[in-house]
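Hi,

Here is the structure I promised to pass on. Have a look at it first, and then read my notes below.

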Amino acid sequence: MTICGFGWQRPLRGMLVGTVGVAAVTVAIWALQPVVPVSALAGLYVLAVLPVAVFWGVSPALIAAVFSALAFDLFFFPPLFALTPADPHIAAILVISAVTAVVVSELAGRMRRRAREAESLAREVRRIAEEQAALRRVATLVARGAASAEVFASVAAEVGGLFGADAAAVFRFEPERTATVAGRWSVSDTLFQDGARLHVDGVGVTVTVLETGQPARSERSEGPPGSTSGWFAQFGARAGVGAPISVEGRLWGAVVAGATTPERLPVGSEARLAGFTELVATAIANAQARAERSGFAEEQAALRRVATLVARAAPPEEVFAAVTAEVGQVLHADLTILGRYDPDGVQTVVGAWASSGATGPFSVGTRVELGGRNIATLVLQTGLPARIDDYADTTGPAGELAREWGLRSGVGAPVSVEGRLWGVVNMAYTQEEPLPADSEERLAGFTELVATAIANTQARLELRGFAEEQAALRRVATLVARAAPPEEVFAAVAEEAGRLLEVDFTILRRFGDGEQVSVGTWWSGVGVGEPFPVGTRAGLGGRDAMSTVFKTGRPARIDDYSLASGPAADAARGWGLRSAVAVPISVAGRLWGAVAAANTHDEPLPADTEARLAGFTELVATAIANAQARVELRGFAEEQAALRRVATLVARAAPPHEVFAAVTAEVGRLLKADFTVLSRYEPDGAVTVVGAWGRVNVGRPQPIGLRLELGGHNLYTVVFQTRRTARIDYAEAAGPAADVARKWGFRSAVGVPINVEDRLWGVVSVGSASEEPLAADTEARLTGFTELVATALANAEAQAALTASRARIVAAADTARRRIERDLHDGAQQRLVTLALHLRGTVQAAVPPEAHELKAHLDEVAAEVVSTLDELRELARGIHPSVLANGGLHPALTTLARRSAIPVDLHVSIAGRLPEQIEIAAYYLVSEALTNTAKHAHATKVRVEVDTGEGDTVLRVLVRDDGRGGADLSGGTGLVGLKDRVEALSGRLSVTTAPGAGTTLRAELPLHPGPMPSPDDLATV
């Protein structure tokens, strides 16, 4: 209810004052009426109306005027104590009082309004002056470089004082509808905590400002604990005003003031606050700019110090230590940690700094498992900066270590190197006050520089590693270039990889037949043996690095050998290996083996071990390929040399047993076998040993001629049945051949068939007396060699067939000569003898004595018959001399010498008879030589030497003349026929001649082959 624009209380007080005034005037007139006339005293009632009109307005004054008229009429105008309102005197008094009330009230109202306007103007001037003074005070703080917290506290205090609030605060809005108390002021120091992080929830002015970005007023403040509205509700704030703070066009936060009564915050306070926040925002922007400039200068200085370390190629450990120290000092942290994320879900501390000097459980090298709610895990999961204001809420191993060290709050920023999340920079505080509001931004900005330093350091390390790899390659290549043995190359490869990767152990292994063989190792342990010496064999299978590479052909990693399985893993655990990485080695597109690096400490190998080892193995594979090529070339040269030696034997028509002995010896030496056996398959289902060689038991007789029946599971039988190469472990073999092999000490053997003109001729086998099986490539090398051996055997067989054919031809010619000589002796010669006797006897006796002329003719005929008989006898002797058949070579040669037209100096040194074919060949050789000498040489003498030499194994024939020379084996059929006759008997014929120096013919004829062991002797062997 209002009366004339005023509340009802003010008019009521005026009415009461007027009533009291009228009563007082009435009492005064009553007291003065005996002295002064009443009519003269009636004007005193104006004194009761004037104060009311002046101080309480026209309405109470009019009521006081009415009361004055009524009082005068009732107490002083007759009739007394009776109302006569129609009397003119009373009406006059009423009119005068009313006019006085109206006029005076209007005049008083105007005066009051002017007074209020003057007071309002004074207040506005005072407010502006106070605001300007507050701004000057804030600007003074900014100008002298005061800390942001001090500036924000000053802003809150100025706002609270200007608006007469009970509390004021500067809030900075954060993500996820949260706000940080950047500055606060209140009548009670216990209500606010600077740096506290609150949720912007509930009903209150802060919620409205955040949602609308506009100034706001609220008559109540309600919210859950930990919220801005709940915070103001703690001290009973019933009203609040707030205005946004926008810095560079962005809603930065809000200035909020609260009071317990609405009257404390006049209407329009939010507008005034909005005008004030423009100036505050400028101060905040200036303070932030100064802080950012200062922080940037510090960051630049820190970057320069870190960059100096990188430029002088400081070790990574020193760079990481400098990074953490610079971050901690620039951002005033109690603890700073640089952690690297590893592939196994673990953070490794690579740099740490503490203001106290002791990093506690976060020392360099510490590995902390990720998981739970903590800064390292949050950064890994989101890739964004993370903040924890109260470590009481953290979980996981990292959170437990943080609480153990007494950390209260922390913030972390990701370190991304070349687009990949590399790690995290984590700084933490031990005091209860939360971190500064801009910690994430400052730390995130710094990590960009840190990431650059890390990238540069890594690039330098990679360059240094590349240089070391190149140096290692050069050292290995030098070994290969000087034709070092493969074992030396493999050992160098293992050592170079181990030193390059700084691991405890490296091993180079070759894969084959379900197992792995150590061919090169390097072990950094001191005072201990080598875990896997060269030649160590291990099975493939289970879950270990080498077996995984063998199965997949890709790099493999085992970070915890307690979880590995298989024989190789058991051996690794026995030597204390904890982790390993293996990378395949492929040579000529084939998985040759693998190189592995292992450590004995708990920390797994670095994440880039596979890449570095893989890059190194490419160079290693080249070295291995070159070494293998050299070995293969050497082996090929040895094979070619062996083939040439065998071919030389074949070319000079060596006997088969000599060729077979040479073949087995060459194969054995070439493949470094303990035994080599060359056997021929027989038509009757047996196999005969035709050549053998042994590296062990050298003095033991070789089983040449041994016959074995096929059957059972053994090398001979398997090759015969399959016509393919075979490999046998004689512990599991069976059959006659297996029994003999075990008696000879065979442990294992490899056999390859020998095919001559698409026919299975036999088998060449190599055996080992050691437990170690023969090399995996034995079949391939032996197969390639047997092709050459088969050619040699084919040539030997062809040569033998040719020799046999020649022998058969010569034998057939000799037989024909003997038959002709016998036919002449038994036929034509006997008939001519009979005819001569008949002519000289019966025919001449029947001639009359007087027939002298006829008798003379008969004598001539008989003489011609005898002459013809003599010629026929000479012809028969030339075809096959009977003296050779009857008396032997010596008498036959003596006859030839005696009948020669040129003097012959004959020297024969033989005892007894020789084989018939040898005597015939020697006879015709000397006969043809003497004939050629007589016809063509124009010699004066001939020397003939015949002897059997030492050992009586060969007949040597020499015919030398002193003629004009010029004899040629290809110049006629005589010498060619002699050469064929000699070679048919496995002999050799040579002719040496020079113009004017005579001619020398030499021949060697083998008398008989070497002795062969009997079957009984072979069974005993």
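Which order do the five strands of the open sheet take? They run E27-E28-E29-E31-E30, with mixed pairing. Strands pair if DSSP finds at least two bridges between them, and both helices (H or I, at least four residues) and strands (E, at least two) are DSSP runs, numbered from the N terminus.

Before going further, some background: this is a predicted model, where local features need pLDDT of at least 70 and side-chain atom pairs count only at pLDDT 80 or more, while totals for chains, interfaces and linings use all residues. Residues are numbered from 1 along each chain as its sequence is written, and side-chain values use heavy atoms, with hydrogens and water left out.

E29 (residues 954-961) and E31 (residues 999-1006) run antiparallel and are joined by seven bridges; Leu955, for instance, has Leu1005 in E31 as its bridge partner.

Two helices pack on this sheet. H24 touches E27, E28 (942-947) and E29, and its direction makes about 175° with that of E27. H25 touches E27, E28, E29, E30 and E31, and its direction makes about 10° with that of E29. Contact here means heavy atoms within 4.5 Å; axes are lines fitted to C-alpha atoms, for helices over the stretch in contact, and angles run from 0 to 180 degrees between N-to-C directions.

The two helices also meet each other. The axes of H24 (residues 889-899) and H25 (residues 916-937) come within 10 Å and cross at roughly 10°, so the pair is roughly parallel (angles under 35 degrees). On the H24 side the contact uses Leu889, Ala892, Leu893 and Leu896, and on the H25 side Glu919, Ala922, Tyr923, Val926, Ser927 and Leu930.

Now try Thr948, in the loop between E28 and E29. Is Thr948 buried or exposed? Its relative accessibility is 10%, so Thr948 counts as buried (under 20% relative accessible area, with a 1.4 Å probe and protein chains only). Leaving aside residues up to four places away in sequence, Thr948 touches Ser909, Ile910, Leu914, Thr953, Val954, Leu955 and Leu1007.

Finally, the buried residues of helix H1 (residues 9-32) include Gly14, Gly18, Gly21 and Val25.

Cheers

Notes: Angles under 35 degrees count as roughly parallel, over 145 as roughly antiparallel, 65 to 115 as roughly perpendicular and the rest as oblique. Buried means under 20% relative accessible area, exposed over 50%, partly exposed in between (1.4 Å probe, protein chains only). The expected span of a helix is 1.5 Å times one less than its number of residues.
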